[in-house]
Amino acid sequence: MSTPTVSVVTQRWVLALGAIASLMAALDTLVVATALSTIRRDLEASVETLEWTVNGYNLSFAVLLMTAAVVGDRFGRRRMFAVGLAIFVTASAACALSTSVAALIAARVVQGVGAALIMTLALALASAAFPPQRRGVAMGVLQGITGLAVACGPLVGGAVAEGLSWQWIFWLNVPIGLIAIPLVLNRIPETFGPDTKVDTGGLALLTCGAFGVVWGLVRGNTAGWASAEIVVALAGGVAVIIAFAVWEAGRPEPMIPMRLFASRGFTAGNTAIFLLFAGLFGSVFFYAQFLQIVFGYGPLGAGLRLLPWTLTLFFCAPIAGLLADRIGERPLMAGGLAMQAGGMFWIARIAEPGMVYAALVIPLVVSGIGVSMALPSTQTAVVGAVEHAALGKAAGANSMMRELGGVFGIAVAVAVFTGAGGYGSAAQFVDGFGPAIAVGAGLSLLGAAVALALPGRRAAVAVTDAPEMMAADHAVTSEVATIEG
């Protein structure tokens with residue numbers, strides 16, 4: 001498949017529209033973090049239902065990442081990118097109009113569907129539009145913008161929630177999306193990829209299995225961990241995930257080739273990133289609430305005080321990327337996960353009502369540096385462990401494992417928090433906060449141990465200049481490649 005000649009003007013339109021759409025979708029990954037306390041009060045939400053306002057988005061996003069690439073290849077990337085924008089805009093309006101937490105959760109799930117199409121196909125369209133010698137720059141622009149959006153999500157969400165209202169977090173997407181859709185249809189050329197069949201069976205099994213496990217973790221404290229509901233949800237979820245692996249092993253065109261897990265680097269890298277994001281997202285869910293409930297800051301004040309944690313991405317990640325080429329991924333991933341664990345254990349240990357904010361700054365920086373060290377190495381480790389033809393699916397599996405790790409981490413953290421504390425007072429919140437963050441730190445420490453199983457330094461994998469492979473590789477490695485928020 002050859003690359004069609006695309007004018008410089010068209011390339012600029014592709015990059016600009018892809019960046020704008022990706023910015024919206026990436027912001028909404030964590031933009032609600034600093035507004036959770038406000039949403040909880042306005043909609044009278046419990047911590048379990050509040051959790052689903054984040055996990056509903058991330059779960060649908062995660063399981064559809066690889067399917068979005070296939071759908072775009074088969075039905076047209078531009079067309080499905082515009083469809084993704086329309087879904088995202090409609091769901092954003094539904095979020096803003098929600099008068100109950102159930103309605104907000106449902107709208108967030110639909111938002112995740114649109115985000116999966118947007119984030120995946122923005123990179124695929126840019127990859128197809130730019131020639132090999134300029135493609136890396138285009139990818140860097142898109143991923144840099146999405147990384148900035150996710151890192152700044154808590155701050156932006158806090159500013160909007162405090163300056164206007166939490167509903168405006170979602171209303172802001174609507175006019176931008178409505179302007180972007182006709183421009184996408186008129187300014188971006190249509191492109192197609194390999195006509196691969198959508199693995200609907202694998203998608204259904206993965207979705208049901210992940211949902212069952214998360215549901216069991218969320219409902220465990222309320223329904224009772226020995227209740228039939230929880231036993232069936234957890235056992236059934238695990239069984240369905242095993243069935244997914246069996247299904248994929250027997251498919252001629254699987255979503256995730258199970259043979260890749262025979263590689264130590266692929267398995268260790270994906271497991272480590274799953275645990276990295278489990279600790280990261282669990283802490284994201286509670287840190288902003290901790291700053292508001294215990295310290296009394298508003299949403300904007302909480303977002304500003306998370307900057308020592310989030311801004312490390314821009315200073316440390318580029319350095320870590322350079323070091324990975326010299327010393328390999330293993331020390332950076334293991335050391336970074338250990339630092340994240342250390343920072344989180346530190347915060348869990350010192351958290352108490354009446355403490356001063358200054359005591360949090362150093363452990364926030366330590367934890368942020370750890371994430372910034374580990375993150376750039378993960379995709380390199382995973383794709384470097386597979387043969388060239390499997391690069392796209394390996395990178396897609398890595399992106400999906402990141403998102404699913406985040407969903408799992410929030411579910412575990414909320415389960416621990418609910419069992420030990422609550423929202424009755426600052427002291428009661430801290431009673432649950434400390435154990436929840438400590439468990440997230442434990443998951444990060446486990447990730448550090450897993451990272452030690454990565455192979456030592458290896459030669460970098462040479463990526464082909466063929467546009468169809470570049471599109472497949474980049475299309476499934478989008479927003480979460482630079483999540484730091």
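## Close-up views of a predicted helical model

**Glu44 in the loop between α2 and α3.** Glu44 lies in the loop that runs between helix α2 (36–43) and helix α3 (47–75), where helices (H or I, at least four residues) and strands (E, at least two) are DSSP runs numbered from the N terminus. The model is predicted, so that local features need a pLDDT of at least 70 and side-chain atom pairs count only at pLDDT 80 or more, whereas totals for chains, interfaces and linings use all residues. Residues are numbered from 1 along each chain as its sequence is written, and side-chain values use heavy atoms, with hydrogens and water left out. The phi angle of Glu44 is near 55 degrees, which is a positive value in a residue other than glycine. Glu44 counts as exposed because its relative accessible area is 73%; here buried means under 20% relative accessible area, exposed over 50%, and partly exposed in between (1.4 Å probe, protein chains only).

**The chain as a whole, with its confidence.** The protein chain contains 19 helices and zero strands, and 59% of its 485 residues count as buried. Its accessible surface comes to about 17200 Å², of which 69% belongs to carbon and sulfur atoms; such areas come from the Shrake-Rupley method with a 1.4 Å probe, and for residues only the protein chains shown count as cover. Among contacts (heavy atoms within 4.5 Å) between residues at least 6 apart in sequence, 85% join residues at least 24 apart. The pLDDT, the predictor's confidence in each residue from 0 to 100, averages 81 over the protein chain, and 87% of the residues score at least 70. Confidence is highest in helix α4 (residues 77–96), at a mean of 94, and lowest in helix α19 (residues 467–475), at 37. Over residues 459–485 the pLDDT stays under 50, and for this stretch the model has 106 contacts beyond four places in sequence.

**The salt bridge between Asp73 and Arg77.** A salt bridge is a side-chain nitrogen of Lys or Arg within 4 Å of a carboxyl oxygen of Asp or Glu, and by this rule the count comes to one salt bridge. Asp73 forms a salt bridge with Arg77, the closest N and O atoms being 2.9 Å apart. Asp73 counts as buried because its relative accessible area is 14%, and Arg77 likewise counts as buried because its relative accessibility is 3%.

Glu248 belongs to helix α10, which covers residues 228–249. When neighbours within four places in sequence are left aside, the residues in contact with Glu248 are Asp199, Gly202, Pro254, Met255, Ile256 and Met258.

**Leu104 and Leu117 in helix α5.** Leu117 is found in helix α5 (residues 101–129), and Leu104 has its place in helix α5 as well. Leu104 counts as buried because its relative accessible area is 1%, and Leu117 is buried because its value is 9%. Apart from residues up to four places away in sequence, Leu104 touches Ile39, Leu43, Thr53, Cys95, Ser98, Trp166 and Phe170, while Leu117 touches Ala68, Met80, Phe81, Val83, Gly84, Ile87 and Ala122.

**Phe433 and its aromatic contacts.** Phe433 lies in helix α18 (residues 426–451) and counts as buried because its relative accessible area is 0%. The C-alpha atoms of Phe433 and Phe290 are separated by 7.6 Å, although the two residues are 143 residues apart along the chain. Beyond four places in sequence, the contacts of Phe433 include Phe286, Tyr287, Phe290 and Phe417, together with Ile347 and Ala351.

**A nonpolar surface patch at Trp168.** Leu164, Trp168 and Leu172 form a nonpolar patch on the surface, with about 300 Å² of accessible area together. Patches are made of residues with over 30% relative accessible area and no salt bridge, like charges being joined within 9 Å and nonpolar side chains (Val, Leu, Ile, Met, Phe, Trp, Tyr) within 5 Å. Trp168 lies in helix α7 (residues 168–171), and Trp168 counts as partly exposed because its relative accessibility is 40%.
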